[in-house]
Amino acid sequence: MNSPAQPLKLSYIVDEYPPFFRGGLGTYAMEITPRLVKEAVDPVVCSRNTGTDPENGDYRNIPVYRPKLMKIHTLLSLYSPGDVIQWAPPDQNFFMETLLFCQMAAQRVIRDGQNKSRFNAVAVHDWLTAPAGFLIQENLNIPLVMHFHSTEQGRTIGGSQIIRDVEREAAERADAIITVSYAMRDELISFGYPAEKINVVYNGVDTTKYSMERYPDHILTPFREKIGVGSRPMIFFVGRLTWVKGTVELVQAMPEILRQIPDAMLVLIGVGELEASIRTYIADLHLTDHVIFIPELVSEDERLLYYAACDVAVFPSKYEPFGIVCTEAMSMGKPVVVGATGTNGFREQIITAGSEQCGFHVNPWDPSDIATYVSILLQDEDLRTLCGKNGRKRVLEHFTWEHIAKQTAAIYKSMCNAD
């Protein structure tokens, strides 16, 4: 049993970690690991190397190992792992590199665990690092905690059989499972994963950074002029340009919104496979003067300015295990309209009625439904103010990283019978 003077030593295997980001997982890992230290958990991170990163380093005093990977896709025909042999060559290469990364990360952890300070537990995130967890668990005989941020079936409506097999194996091998919402817990249980292992811990947000107190009018007014919004009502979306995020339906909702609020502006930021389709819809629906489309990744500082400048944030996702963009907008005191069908953690963030209302749920497949509730908010300043105030309050009560780190650390320690 660990005493307070002996923090739990945690091997933390994650595909994304600063300076490498692919999506929300990198943000999650970046924010939670330093806060775990304050909860007497010392993570040692293994993460993917962009190709130019040093193999050994640290981030915010967190030790980080990034193995250099060789090209091994030529071995694919020898391994022939399930349906991967039918994938496009770039995807095959990614899969093989992922397996190599998992093996190299596990080798490093196993070596250190045997010859230096022994690890108390290993935490892995999604299928991308689950195989490393299998090897570490088996060789060091330590508990395995599997974080499910999403699933292959949910992300892709079926997807790859081999990835689904890896996820199922992870659920069976794990001593504990952590997932990001009760909606995700229900999805995992529907796949037959053991309910008694599954713990729900929401994602969080830095409420000091994501705060309107940092953005007075003398900053926002010139910013709105610079981006072309000016004093007009501003709707904001940021995220991947993919079917699951509902970006096309949001653009399709604009004509109906404009019939009620003729000067409304949509600011749409993101990258993805739907860029060309979105451009086509903007042109075909004659929305060129009402949509500011920025198909690129923007820095967090710039993203914060867009949050601060907007009147309503809209995220009509069809599948969203948690959805940290919603939490960020709420922390910025903005009313939020979110998709709420299927597996969707947005439902658990947004209260839609009463004295604690902070936004609306919509059918993300229906542009008219999106338009209805965006228009309600744009036409009611008092409601926007109420929702924004309640959203900020709800984040402070339920979605701070400090709160999330405390819950997560408690689960890690329970696996090791630690105090």
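View 1. A disulfide needs two cysteine sulfur atoms within 2.5 Å. The whole structure has zero disulfides. Cys416 is in none either: the nearest cysteine sulfur, in Cys46, is 17 Å away. Cys358 is buried, at 0% relative accessible area. Buried means under 20%, exposed over 50%, and partly exposed in between (1.4 Å probe, protein chains only).

This is a predicted model: local features need pLDDT of at least 70, side-chain atom pairs count only at pLDDT 80 or more, and totals for chains, interfaces and linings use all residues. Residues are numbered from 1 along each chain as its sequence is written, and side-chain values use heavy atoms, leaving out hydrogens and water.

**View 2. Tyr17 and Tyr59 pair edge-to-face.** Their ring centres are 5.7 Å apart and their planes at 80°. Rings of Phe, Tyr and Trp (its six-membered ring) pair if their centres lie within 6.5 Å; planes under 30 degrees apart are stacked, over 60 edge-to-face, the rest tilted. Tyr17 is buried, at 0% relative accessibility.

**View 3. Phe236 and Tyr306 are stacked.** Their centres lie 5.7 Å apart, with planes at 10°. Phe236 is buried at 0%, and Tyr306 is buried at 3%.

**View 4. Lys318 lies over the face of Trp365.** The distance to the ring centre is 4.8 Å. A charge sits over a ring if NZ of Lys or CZ of Arg is within 6 Å of the ring centre and within 35 degrees of the ring normal.
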